[in-house]
Amino acid sequence: MTGNILEVDGLVQYFDQPKPFLERLLTRSRGARVHAVNGVTFDVREGEVFSLVGESGCGKSTTARTVVRLLTPKGGRIVFEGRDIADLDQKQLLPVRPRVQMIFQNPYASLDPRQRVGDMIMEPLLFHGLVANRKEARERMLALLDTIGLHSEQADRYPHQFSGGQRQRLGIARALATSPRLVVADEPVSALDVSVQAQILNLMMSLRERLGLTCLFIAHDLSVVRHISDRVAIMYLGFIVEQGERDEIFDHPLHPYTEALLAAAPSLDKRFVHVPLSGDVPSPMNLPEGCAFASRCPRRASRCLEERPQIRESGGRRVACHLV
Ligand SMILES: Nc1ncnc2c1ncn2[C@@H]1O[C@H](COP(=O)(O)OP(=O)(O)OP(=O)(O)O)[C@@H](O)[C@H]1O
Ligand SMILES: [Mg+2]
C-alpha cells in the first residue's frame, strides 16, 4: 500500500468537434479538437483534501469527470484503490461507483426536478444493494438528512422546494449515501451566496473529520483553497504547472503562474508579482509548442516559446518551468 487512494498518471482528455459534412468535404479537415487535459499527473493520499486550482476553462471539471469515470480518458492511468479504472466499461465500473462520488458545481442543475429528495438519496443505496430493504434505506436516508442539517419531514419534497444552500446539502447527502472512500467536489460552493458558502464548507469539513473522507476539491477561490487543503495543484490550459503542500504553494510559489494567481487574489497579501497578467490564454484547440503559460509570463525566455517544460520533482514539490 502506498497510502494513496488515487493515482492519476498522464491523464489525457480531449473533445472532437466535428465539422458539418459539407464543410469537411470542402476544407478536407475533420474539425477541431479541444485539448482539455494534457497529461495530468497527481495522487491523492488517504484522508487528505487535495485541491485542483486554476482559471475558468483550464480543465478542472474535465479532470474531475474523467477521474470519476463519467468520461473515458483518451490516455493515462487512473489508479483508484490500487486498481487502474481508466479502461473499465460501465459494467466493470459498477462496484467502483459507490466508492467514488462526485459533488457537482451547480446544485440547481444536478438534482432531478421530478424526484423526491428522499428517493434520490435512497436510490443508490437500493441500486448498489448496500441495504437489505426499503425500510433500511429509508432509515439511512433520514439519518443522512439529519447529518446535513435537514428535517425528516423534508424527505418528501422536490428539489425546487429548497434553497440553493439546502440543495447543495442534498447534493452532499446524495454523494455520501454510499459511504464513498473518495469524494470529488467540483466547485461545490461557487454557485452559492457568499453567506451560504461558509456554511456548506464548514459542513463539508466537519463531515470530513467525522467520516474520515478523502476529498479531491476543485476550486478557483484561493482563500477557500488555503482554508481547507492539505496539498494543492495549479492547472493552466490543461497542464499541472505546480504542485505541493498548501503552505509551500501559498508562501513560496515557484511557478510564475502561481505567483500571478496569488497576486491577483483579493483576499491574499501581495508579496508576489505585482504586474498584472497580460496577453491571452492560448486556445485549447491549438496548444503552443513551448510552455503553455509563455504568452502571458512576465519572465518568459526564448526557450519557453520553443520547448515545453517537463514537470520536475524535488522534495514533494513539483513544478514545470524552465526558469525554476
Ligand atoms: N463536452 C465538451 N465538449 C467540448 N469541449 C468541452 C467539453 N467540456 C469541456 N470542454 C472544453 O474543455 C476545456 C476545459 O473545460 P472545463 O469545464 O474542464 O474547465 P474548468 O476548469 O472546469 O472551468 P470552470 O472554472 O469554468 O468550471 C474548455 O475549453 C471547455 O470549453
Ligand atoms: Mg468547472
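The expected span of a helix is 1.5 Å times one less than its number of residues. Helix 6 (residues 164-176) has 13 residues, so it should span 18 Å, and its end C-alpha atoms do lie 18 Å apart, which agrees. Keep in mind that this is a predicted model.

**Helix 6 and the cores**

Let's stay with helix 6 for a moment. How many of its residues are buried? The count is 11 of 13, so this helix is mostly covered. Among the buried ones are Gly 164, Arg 167, Leu 170, Ile 172 and Leu 176. What do the buried residues of helix 6 pack against? Their partners are strand 6 (100-103), helix 4 (117-127), helix 5 (134-147), strand 7 (182-186) and helix 7.

Leaving aside residues up to four places away in sequence, Leu 170 touches Leu 111, Val 117, Met 120, Ile 121, Leu 145, Ile 148, Leu 150 and Phe 162. Leu 170 is also one of the residues with the most contacts inside the largest nonpolar core, which has 61 residues; Ile 121, Leu 145, Ile 148, Ile 172, Phe 217 and Ile 234 are on that list too. The largest share of this core, 7 residues, comes from helix 7 (residues 194-211). Apart from it there is another core, of 31 residues, including Val 37, Val 44, Ile 78 and Leu 182.

Helix 2 (residues 60-67) is mostly covered too, with 6 of its 8 residues buried. Those are Lys 60, Thr 62, Thr 63, Ala 64, Thr 66 and Val 67. After helix 2 comes Arg 69, whose phi is positive, near 65°.

**On the surface**

Now for the outside. Phe 21, Leu 22, Leu 25 and Leu 26 make up a nonpolar surface patch, with about 490 Å² of accessible area together. Leu 22 sits in helix 1 (residues 21-27). Is Leu 22 buried or exposed? Its relative accessibility is 56%, so Leu 22 counts as exposed.

Val 324, in the segment after strand 12 (317-319), is partly exposed because its relative accessible area is 38%. Not counting residues up to four places away in sequence, Val 324 touches Leu 254, Arg 312 and Val 319.

**Salt bridges**

The structure holds 22 salt bridges.

| Salt bridge | Closest N and O atoms |
|---|---|
| Arg 318 and Asp 43 | 3.9 Å |
| Arg 181 and Glu 81 | 2.6 Å |
| Asp 251 and Arg 226 | 2.9 Å |

Take the pair of Arg 318 and Asp 43, which forms a salt bridge. It links distant parts of the chain, with Arg 318 in strand 12 and Asp 43 in strand 2, 275 residues apart. Arg 318 is buried, with a relative accessible area of 15%, and Asp 43 counts as buried at 17%. Asp 43 also touches Asn 4, Leu 6, Glu 7, Glu 48, Phe 50 and Arg 231, among others.

Arg 181 and Glu 81 form a salt bridge as well. This pair links Arg 181, in the loop between helix 6 and strand 7, to Glu 81, in the loop between strand 4 (75-80) and strand 5 (83-84), 100 residues apart. Arg 181 counts as partly exposed at 26% relative accessibility, as does Glu 81 at 29%.

Then there's Asp 251 with Arg 226. Asp 251 belongs to helix 9 (residues 246-251) and Arg 226 to helix 8 (residues 222-228), 25 residues apart. Finally, salt bridges that share partners join Asp 43, Glu 48, Arg 231, Glu 313 and Arg 318 into one network.

Notes
Residues are numbered from 1 along each chain as its sequence is written. Chains are lettered from A and ligands numbered from 1 in the order in which they are written. This is a predicted model: local features need pLDDT of at least 70, side-chain atom pairs count only at pLDDT 80 or more; totals for chains, interfaces and linings use all residues. Side-chain values use heavy atoms; hydrogens and water are left out. A nonpolar core is a set of buried Ala, Val, Leu, Ile, Met, Phe, Trp, Tyr and Cys residues joined through side-chain atoms within 4.5 Å. Buried means under 20% relative accessible area, exposed over 50%, partly exposed in between (1.4 Å probe, protein chains only). Helices (H or I, at least four residues) and strands (E, at least two) are DSSP runs, numbered from the N terminus. Contact means heavy atoms within 4.5 Å. Patches are made of residues with over 30% relative accessible area and no salt bridge: like charges are joined within 9 Å, nonpolar side chains (Val, Leu, Ile, Met, Phe, Trp, Tyr) within 5 Å. Accessible areas come from the Shrake-Rupley method with a 1.4 Å probe; for residues, only the protein chains shown count as cover. A salt bridge is a side-chain nitrogen of Lys or Arg within 4 Å of a carboxyl oxygen of Asp or Glu.
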